[in-house]
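Let's take a friendly walk through one protein model. Have a look at the sequence and the structure below, and then read on.

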Amino acid sequence: MLDWFDARFDLSGLRHFVSTKGVPVHAQKIWYYLGGMTLFLLAVQLFTGILLLLYYRPSAAEAYESVQFIVTQVRFGWLIRNLHAWSANLLVVAAFAHFFSVFFLKSYRRPRELTWVSGVLLLFLVLAFGFSGYLLPWNELSFFATKVGTGIAGAIPVVGGFLRRLLRGGDDVTGATLSRFYGLHVAVLPAVTTALVGLHVLLVQRQGMSVPLSVERRVAAGEPLRQMPFFPNYILRDVLAWYVALAVLAGLALYSPWELGTKADPFAPVPAGIRPEWYFLAMFHTLKLIPSHIVGIEGETVGVVVLGVAGAFLLLVPFLDRRASQGQNSPLFTALAVVALTYMIVFTIVGYYAT
């Protein structure tokens, strides 16, 4: 079969690439597998999401009942939904772990600036997937959490009101909001993500995998760089990491099923302890701690602007960290990464128990 395709598509370039590509071997090489694990979990999301679409009905009158039918009536529907829900959470964990590993290793330095930018945009898209998919079961918790989340979007200066109405399809969270989030979740976000994943993987293959600054300096001094063959050595190790992720995912899906809750009622009072998903808790709790007004400006608006500036800063990190681009240690950016990671962990835990 390979010869048949080779005669028609000329796979000589691909054969040469696979046979000659190497992966650096050093003490921090374990972090190389986080990118592949993130991609694997994204594939699980795609596969299970397509299966759920066969039965899901995106309307306020039928969404909850269709998910209930999937869980209780469709053969192995409960398993597919649990896999989809838990893989979404594991995807966020893997994406953030990959993000911080790249940050700490300064793998964004020249010539990999665009690889970093595409990766950060993919991280934002993963969070957008989580936000848009959270509403689709149309249960009480997701309904009011979406109401809070879209309300926060309304605090953005100048375009906030327009953005809130665009997301909600009106002035309040209704069936129109569900339809819009459904379109985002199954059409718009997958299309953009597929293009960005292709670009990101292409850039990684073109630039190769980076090495820590200490290893780079030793190589520059004349020490040979140890490498393992990409195929089959690295690929087999990558697949082993996927098996580990699959084992964790299967255990969670089987022994900790994702609850459906009660159907959303727009006229019901807001339940006590309402909060967004855990990966938004740090931001949510930060906004809650900000005073109502700061120098005559609404505190929520100030918080949203600060978070927006932080997001823009992440995109520009490769261009701001000049020392790393020159092959030097950059303790300032390492300290910023430590502070950001500590902030996320602490505020997520505090936000969970505070609500």
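## Ground rules

Contact here means heavy atoms within 4.5 Å. Helices (H or I, at least four residues) and strands (E, at least two) are DSSP runs, numbered from the N terminus. This is a predicted model, in which local features need pLDDT of at least 70, side-chain atom pairs count only at pLDDT 80 or more, and totals for chains, interfaces and linings use all residues. Residues are numbered from 1 along each chain as its sequence is written, and side-chain values use heavy atoms, leaving out hydrogens and water.

## Helix H3 and its cover

Buried means under 20% relative accessible area, exposed over 50%, and partly exposed in between (1.4 Å probe, protein chains only). Among the buried residues of H3 are Tyr33, Met37, Phe40, Val44 and Leu52. Their cover includes helix H4 (63-72), helix H5 (77-105), strand S2 (227-229) and helix H11 (230-255).

## Helix H5

In H5, 22 of the 29 residues are buried, so this helix is largely enclosed by the rest of the structure. Just after H5, Lys106 has a positive phi of about 55 degrees.

## A close look at Ser118

Ser118 is part of helix H6 (residues 113-134). Ser118 counts as buried because its relative accessibility is 3%. Setting aside neighbours within four places in sequence, Ser118 is in contact with Leu196, Leu199, His200 and Leu203.

With His200, the side chains form a polar contact at 2.8 Å; that term means a pair of N or O atoms within 3.5 Å, where, within protein, one must be able to donate a hydrogen and the other to accept it, and residues adjacent in sequence count only if both atoms are side-chain atoms. A polar atom of the Ser118 side chain also lies 2.9 Å from the backbone oxygen of Thr115.
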